[in-house]
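Reader: I have a structure to study and would like to go through it step by step. Could you guide me, please?

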Amino acid sequence: EYHRLEDFEEDSPPGEEELLVHVTEGLQDSWHHIKNLDNFFTKISLQGPCLAAAQPFPRRHRGGGGKNGFACMMLSDVFELVQFLFVVTFSTFLLCCVEYDVLFANRPLNHTGGAAPDRSKVTLPDAILPAPQCAQRIRASGWIIFLLVMAAAFWLYRLVKVLCSLLSYWEIRTFYIKALNIPSEGLCNYSWQEVQARLISLQRQQQMCVHKRELTELDIYHRILRFKNYMVAMVNKSLLPVRFHLPLLGPVVFLTQGLKYNLELLLFWGPGSLFQNKWSLRPQCKRAGARRELAQRLARTMVLVGLANLLLCPCVLVWQLLYAFFSYAEVIKREPGSLGARRWSLYGRHYLRHFNELNHELQARLSRGYKPATKYMNSFTSPLLTVLAKNVGFFAGSILAVLIVLTVYDEDVLTVQHILTAITLLGLVVTVARSFIPDEHTVWCPEQLLQRVLAHIHYMPDHWQGNASRSETRSEMAQLFQYKAVFILEELLSPILTPLILIFALPSRALDIVDFFRNFTVEVVGVGDICSFAQLDIRNHGNPQWLSAGQTEASVYQQAENGKTELSLMHFAITNPRWQPPPQSELFLSQLKEKVQQDAAAAPPAQRILAEGPLGTSLLSEDS
């Protein structure tokens with residue numbers, strides 16, 4: 001049941017919110033009793049230093065000089081507006097203001113006004129319609145006017161949000177300089193742990209949070225990751241309908257940015273969501289007697305949101321197609337093999353994420369696991385596909401070589417109709433065929449490769465152990481580590497499939513979702529309602545396979561899967577060495593350290609292992 005969780009350090013006695021707190025003169029008007037600490041701490045972390053314990057922030061938050069945080073984020077938001085405006089304007093221009101019969105020379109021009117058509121080359125201005133004729137074409141199409149009106153409304157909405165964001169960015173910049181005493185030009189020299197330590201120290205002086213005298217590292221993480229911890233927990237407990245079994249494709253996972261946005265809208269910050277504000281569940285969510293009524297209401301809201309998505313599907317789909325074309329067309333032409341590159345899927349990022357893990361910490365960990373994961377996935381080859389790829393590459397490469405030689409001999413060959421198209425397509429075929437031909441020097445050692453991947457991603461299903469060479473394991477790994485082409489395809493299909501999931505698949509989970517939020521939510525003094533898994537409490541959510549007898553009281557329903565509570569506790573303790581864990585967690589960590597030291601002492605020296613195993617030397621080499 002939902003309950004109030006008192007702070008184990010007992011630094012927040014009842015009635016503390018009534019205390020009179022001394023506030024440093026000159027700063028009390030700005031940062032005393034901040035109403036929305038969740039947003040405030042989140043913006044501090046996003047606009048923060050370049051490094052956090054030697055782990056880089058995402059690229060948009062890195063830069064040089066004193067404009068690292070504010071300037072980068074400001075330019076990013078401004079260019080996002082400009083980019084949207086460019087895509088809409090340029091697409092409308094291509095659709096209504098270009099005479100394609102003239103551009104493709106299907107209709108001859110008459111520049112002189114005589115009876116005979118002019119056979120000279122067509123220039124670009126010849127194919128562009130005059131402004132009045134272009135405007136007339138736009139007015140004649142109701143669909144184009146509708147889409148332009150929708151785009152204009154969305155752009156104005158984004159403009160207002162960007163202006164508000166710029167004000168908040170400037171406020172955070174001022175906070176860094178005046179309150180934390182971190183100059184803009186020196187921001188890159190500080191780690192996130194140092195910034196966090198100054199926040200904790202500032203709380204003692206100013207009481208940014210008036211309901212609690214002392215803030216801990218865990219409190220700050222709880223506020224920044226309040227909703228993300230819920231999403232990670234729901235993925236961990238397989239509560240969200242993101243796994244499907246399709247007739248021809250078999251088991252697939254579908255979680256896109258659009259579906260994630262709608263889930264957060266329904267559960268966290270939408271008008272009918274389960275949270276009444278940024279830090280508190282609605283009162284009826286905390287009562288077991290109201291669960292069925294609340295579930296019915298939530299299911300109706302899911303259907304309504306799904307119908308709204310269905311109505312907006314044409315607009316969103318057009319935008320997705322246009323944005324994908326302008327983003328990836330040039331890259332595919334220049335590097336066709338880029339579609340065969342891999343990336344961590346959105347589902348994979350939630351499945352592999354620890355509780356209380358900031359974005360830059362997750363990104364750094366997955367980036368370290370990128371090369372080992374790529375090597376593991378590339379170690380699987382199909383002999384039949386390899387033979388086909390070699391022969392297709394041979395035939396296409398032969399024709400391409402002849403065309404290139406003819407072009408070098410006489411450049412007039414380029415004037416032949418469709419010759420450039422043939423050269424481009426043949427080059428694309430050769431590049432794609434080569435991507436299916438494995439390196440002949442590759443060593444087939446999937447078990448060792450998967451262990452290297454596990455060293456960085458930290459999570460994998462139990463049945464992968466000892467089965468790294470099976471195609472089923474590779475298929476499940478591909479759900480976490482997908483092709484970029486699959487990512488693009490999923491995002492393009494998202495406007496069509498997301499409404500169907502919201503209408504038909506999600507409502508049946510409404511009661512389970514309501515029970516989840518009631519059973520796995522606790523109120524922490526000075527923080528508000530948070531996911532109980534984020535407390536890293538091994539007694540209530542620990543896995544018996546990871547703990548000694550009597551250390552956990554969690555049932556199968558209460559425990560986190562795959563040892564996520566224990567691994568998250570270890571990760572948080574390592575990332576925040578100044579954090580003082582609760583006694584039960586501290587006991588677990590101390591026992592774990594002893595076990596690791598015993599294993600390290602009993603293990604043979606690494607030099608002897610490498611000397612006895614040349615293959616191990618090859619596998620452990622980063623360049624192998």
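Reader: How many aromatic pairs does a search of the whole structure find?

Author: The search finds 33 aromatic pairs. Rings of Phe, Tyr and Trp (its six-membered ring) pair if their centres lie within 6.5 Å; planes under 30 degrees apart count as stacked, over 60 as edge-to-face and the rest as tilted.

Reader: What kind of pair do Phe275 and Phe517 form?

Author: Their ring centres are 6.3 Å apart and their planes stand at 80°, so the pair is edge-to-face. It links distant parts of the chain, 242 residues apart: Phe275 is in the loop between helix H11 (257-269) and helix H12 (291-334), and Phe517 is in helix H21 (residues 510-519). Helices (H or I, at least four residues) and strands (E, at least two) are DSSP runs, numbered from the N terminus.

Reader: Are Phe275 and Phe517 buried or exposed?

Author: Both Phe275 and Phe517 are buried. Buried means under 20% relative accessible area, exposed over 50%, and partly exposed in between (1.4 Å probe, protein chains only).

Reader: What sort of model is this, and how are residues numbered?

Author: This is a predicted model, in which local features need pLDDT of at least 70, side-chain atom pairs count only at pLDDT 80 or more, and totals for chains, interfaces and linings use all residues. Residues are numbered from 1 along each chain as its sequence is written, and side-chain values use heavy atoms, with hydrogens and water left out.

Reader: Which residues form the aromatic cluster?

Author: One aromatic cluster is formed by Phe227, Tyr230, Phe268, Phe275, Phe355, Phe516, Phe517, Phe520, Phe533 and Tyr557.

Reader: Which charged end sits over the ring of Phe355?

Author: That of Lys564, 5.9 Å from the ring centre. The charged end of Arg342 sits over the ring of Tyr483, 3.8 Å from its centre. The criterion is that NZ of Lys or CZ of Arg is within 6 Å of the ring centre and within 35 degrees of the ring normal.

Reader: Lys564 interests me. Which residues does His354 touch?

Author: Not counting residues up to four places away in sequence, His354 touches Arg365, His458, Tyr459, Lys564, Leu567, Ser568 and His571. Contact means heavy atoms within 4.5 Å.

Reader: Where is His354, and what polar contacts join its side chain to others?

Author: His354 is in the loop between helix H13 (346-351) and H14, and is buried with a relative accessible area of 1%. Its side chain has a polar contact of 2.9 Å with that of His458 and one of 2.7 Å with that of Tyr459. A polar contact is a pair of N or O atoms within 3.5 Å; within protein, one must be able to donate a hydrogen and the other to accept it, and residues adjacent in sequence count only if both atoms are side-chain atoms.

Reader: Turning to strands, how do S4 and S5 pair?

Author: Strand S4 (residues 243-246) and strand S5 (residues 250-253) pair in the antiparallel sense over 4 bridges. Pairing requires that DSSP finds at least two bridges between two strands. A hairpin of 3 residues joins S4 to S5, and Arg243 has Val253 in S5 as its bridge partner.

Reader: Finally, how many helices and strands are there, and what share of the residues is buried?

Author: The protein chain has 26 helices and 9 strands. Of its 624 residues, 42% count as buried.
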